[in-house]
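Please read the following report alongside the sequence and the 3D structure. It takes up the two chains in turn and then the place where they meet.

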Amino acid sequence: MLKPFFADLHMHTCLSPCAEIDMNPREIVSASLAKGLDIIAITDHNSAENVEATKRAAKGTGLEVLAGMEISSSEEVHVLALFESPETARVLQEMVQENLPSGENDERLYGHQIVVNEFNEVMGFNKRLLIAATNLGVHIIVDRIRSLGGISIASHVDKEAFSILSQLGFIPDDLTFDAIEMSPRVRRSEAETAFKELKRFPWVSFSDAHYVSDIGRRVTTFILREATLSEMKRALSRSDGRNLFWD
Amino acid sequence: MNIRDVVGPLSLKVKTTKGDLEHTITGCYISDLLSDVMANAKEGEVWITLQTHPNIVAVAALKNLSGIIITNKRTPEEETMRKAEDERIVIAVSPLSTFEAGGILYKMLQC
């Protein structure tokens with residue numbers, strides 16, 4: 001039976017230097033449940049190291065946690081990658097981190113990059129410059145996500161920084177994102193007017209939470225049989241009654 | 001002043017063969033945000049950028065720019081080169097930083 005699933009598939013944990021320290025697995029799970037979410041994705045900058053801890057923290061609660069990452073391309077375009085399994089996300093993470101500039105994160109300038117377990121215990125610090133851009137072009141990133149069976153989404157296309165439109169002016173025809181994301185700053189009606197030329201893509205909108213209080217501030221409703229990535233792919237192509245919407 | 005005149009001063013290597021090197025340079029615009037270039041660059045200006053993506057050709061053609069200078073030893077992508085030849089847009093690369101290239105061009109354009 002098809003039913004609605006409330007999804008917030010773009011949020012950062014304490015591993016992203018720009019996110020607050022309280023964005024840890026237990027807080028994220030309890031805030032997501034309090035907001036009535038069914039599916040979330042953990043999408044830290046250029047890393048998926050807190051995905052499994054959040055997945056374990058959600059065990060038994062009914063909350064589905066997808067493995068994700070927000071990758072910075074060489075053009076400084078942000079791309080969301082979503083996967084069913086943390087193992088696949090780790091494969092992509094390896095490629096992403098091999099292509100980050102050398103140098104260490106300066107915690108005073110950018111913030112902490114904390115790897116935690118499902119009990120919120122600090123397991124270590126990622127020392128890489130996760131906030132930096134990789135030297136991977138956006139086409140290579142989108143192709144790789146597809147070949148690994150994931151979903152690629154152009155992040156916050158309405159923003160004036162780090163979006164495909166700000167960096168590259170327009171989306172080239174041969175760049176086949178599975179969806180584009182509108183940030184919570186833009187209303188559906190405004191987006192309909194401002195981004196007419198992007199109607200060829202499915203649109204989603206998520207919180208891009210960096211603070212616990214942001215979680216669920218924007219939600220996309222998926223009509224699915226169950227909370228799986230393959231069902232979500234069918235919703236993106238609006239096949240077999242699967243669908244999605246936000247407002 | 002045209003692209004040919006700035007090849008020496010900016011240590012340019014012209015990568016395209018079909019663009020017009022005699023195209024008059026009326027000014028210069030410097031930006032790595034293509035949305036900004038689409039909004040603010042003016043016809044005839046030469047564009048200095050770090051971006052190497054094929055979209056730079058479409059933007060330069062759209063705005064009738066006199067050419068694209070890619071700085072800091074970056075190399076245009078293959079697809080970018082193919083599109084530039086199709087559109088007859090000049091692409092040149094410079095080992096200089098954007099600051100140095102812009103500074104030299106600024107001086108030359110003052111005379």
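## Chain B: elements and sheet

Chain B of this predicted model holds 5 helices and 5 strands, where helices (H or I, at least four residues) and strands (E, at least two) are DSSP runs numbered from the N terminus. Read from the N terminus on, these elements follow one another as α-β-β-α-β-α-β-α-β-α.

The strands of chain B form an open sheet of 5 strands with mixed pairing, in the order β1-β5-β4-β3-β2; two strands are taken to pair if DSSP finds at least two bridges between them. At the edges lie β1 (13-14) and β2 (27-30) of chain B, each of which pairs on one side only. The partner of β2(B) is strand β3 (residues 45-49) of chain B, and the two run in the parallel sense over 4 bridges, with Gly27(B) having Glu45(B) as its bridge partner in β3(B). Helix α5 (residues 98-110) of chain B lies across β2, β3 and β4 (67-70) of chain B and runs at about 160° to β2(B); axes here are lines fitted to C-alpha atoms, for helices over the stretch in contact, and angles run from 0 to 180 degrees between N-to-C directions.

## Chain B: overall form

The C-alpha atoms of chain B fill a box of roughly 35 × 25 × 25 Å along the principal axes. The radius of gyration of chain B, 12 Å, agrees with the value near 13 Å that a compact globule of 111 residues would have; this radius is taken over C-alpha atoms, and the globule rule is 2.2 Å times the number of residues to the power 0.38.

Of the 111 residues of chain B, 42% count as buried, a term for residues with 20 or more other C-beta atoms within 10 Å of their own, whereas 12 or fewer make a residue exposed and counts in between make it partly exposed, with C-beta atoms placed from the backbone. Among the contacts in chain B with a separation of 6 or more, 52% join residues 24 or more positions apart, a contact being two residues whose C-beta atoms, placed from the backbone, lie within 7 Å.

## Chain A

Chain A has 8 helices and 11 strands. Its radius of gyration is 17 Å, close to the 18 Å that the globule rule gives for 247 residues, so chain A is as compact as a globular protein of that length. The C-alpha atoms of chain A fill a box of roughly 45 × 40 × 30 Å along the principal axes, buried residues make up 50% of the chain, and 71% of the contacts with a separation of 6 or more are between residues 24 or more positions apart.

One residue to look at is Met11(A), in strand β1 (residues 3-11) of chain A. Met11(A) is buried, because 29 other C-beta atoms lie within 10 Å. Leaving aside residues up to four places away in sequence, Met11(A) touches residues including Ile28(A), Ile40(A), Ser207(A) and Ile215(A).

## Where the chains meet, and confidence

In the contact between the chains, 9 residues of chain A meet 10 residues of chain B. The side of chain A that touches chain B has 4 nonpolar, 4 polar and 1 charged residues, with Ala, Val, Leu, Ile, Met, Phe, Trp, Tyr, Cys and Pro counted as nonpolar, Asp, Glu, Lys and Arg as charged, and the others, Gly among them, as polar.

The model scores ipTM 0.83 and pTM 0.92. Chain B averages a pLDDT of 96, and 100% of the residues score at least 70, pLDDT being the predictor's confidence in each residue, from 0 to 100.

## Conventions

Residues are numbered from 1 along each chain as its sequence is written, while chains are lettered from A and ligands numbered from 1 in the order in which they are written. As the model is predicted, local features need pLDDT of at least 70 and side-chain atom pairs count only at pLDDT 80 or more, whereas totals for chains, interfaces and linings use all residues.
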